[in-house]
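Student: I'm new to this one. Can you show me the structure, and then we'll go through a few parts of it?
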Amino acid sequence: MKCKILFYTLALLLFASCARKNKNIAVIHSDVADSVFKEIHLVPYKGMANYLTQFYDEGFTFSGGTTFSWKVDTVESRTFFSHNNGYFWTPIFITPGDSVSVKLLKNGEQYDVIFEGENAAHYNYESKKRKAIQMEDPNPTQDIAPYEYKKQLLACRIEEEKFLEKYKKENKVSAEFVDYASAEINNKYVLGLYCYVYFNKCKVDAEKFLEGTEIVQNPLSHSAIDAFFYKYVMCASNSDVSKNYNAIQTEVIPQFRSTLIADLIIWFAKKGDVSYKSALTEMMSQI
């Protein structure tokens, strides 16, 4: 009897140990039909300036038709995409312990990405939103009056907010996911305004046009770092590079700082203006 009790106790401890270990692992199983894709990329989003090269150093790559797992200590957002023998992409919200399968259904020249399993609602949100909302964001490079552009952009934001409200009622989603999704909706809107300011500086009073807007500093929001990139780099004052650098250091959360500072240095270094040389050199020495 004592041996049985000891056996079950050890088995229970082993099971508990494995369960604790698996809570820090996320698993994505790619359907065998997806083996047509030589590479599927799973990358952290680090902003537009880094998008084309980021998966080489910090992302994961696995083959279609396989099961992939990796260590996840806390919630994170990544971009799930491939461009081999077709193209698909979607931002996904990942929680430690997730276990999902993914199917890719051909839709014209692209593919629909469908997830099933634990927390699949977190993964399917972006693709379902794109299908549900047929409105296209206005293009800041086209000839459109400032406040007409802002009106159209706001209409898109309102539709996305309505979709999120409906989605969280119909699906099991975490509070952290809702915070991320809400921040992304807001930051996408603010990013759109900054894009317009950058491409139409002669048409708009930037301070008045951006009045009342705020970038929500959720570290998982893809649009947050892009909005900061426009605010502190592309739309920044050319007269004082050090001021831009100090603003990033004091006004931006730590998760975004290193990327933005690197972008700031590269942006002004590429201009080739010797008047920035001492300020850039000082920044790099501080870093």
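Tutor: Buried means under 20% relative accessible area, exposed over 50%, and partly exposed in between, with a 1.4 Å probe and protein chains only. This is a predicted model, where local features need pLDDT of at least 70, side-chain atom pairs count only at pLDDT 80 or more, and totals for chains, interfaces and linings use all residues. Residues are numbered from 1 along each chain as its sequence is written, and side-chain values use heavy atoms, with hydrogens and water left out.

Student: Is C156 buried or exposed?
Tutor: C156 is buried, because its relative accessibility is 5%.

Student: And C202, buried or exposed?
Tutor: C202 is exposed, because its relative accessibility is 77%.

Student: New topic. Where is A279?
Tutor: A279 sits in helix 10, residues 277-286. Helices are DSSP runs of H or I with at least four residues, numbered from the N terminus. A279 has 14% relative accessibility, so A279 counts as buried.

Student: What is A279 in contact with, beyond its neighbours within four places in sequence?
Tutor: V241 and S242. Contact means heavy atoms within 4.5 Å.

Student: Which way does helix 7 pass helix 9?
Tutor: In a right-handed crossing, meaning the near helix is turned clockwise from the far one by less than a right angle. Residues of helix 7 in the contact include F228 and F229, and those of helix 9 include L260 and W267.

Technical notes: Helix = DSSP H or I, 4+ residues; strand = E, 2+ residues; numbered from the N terminus.
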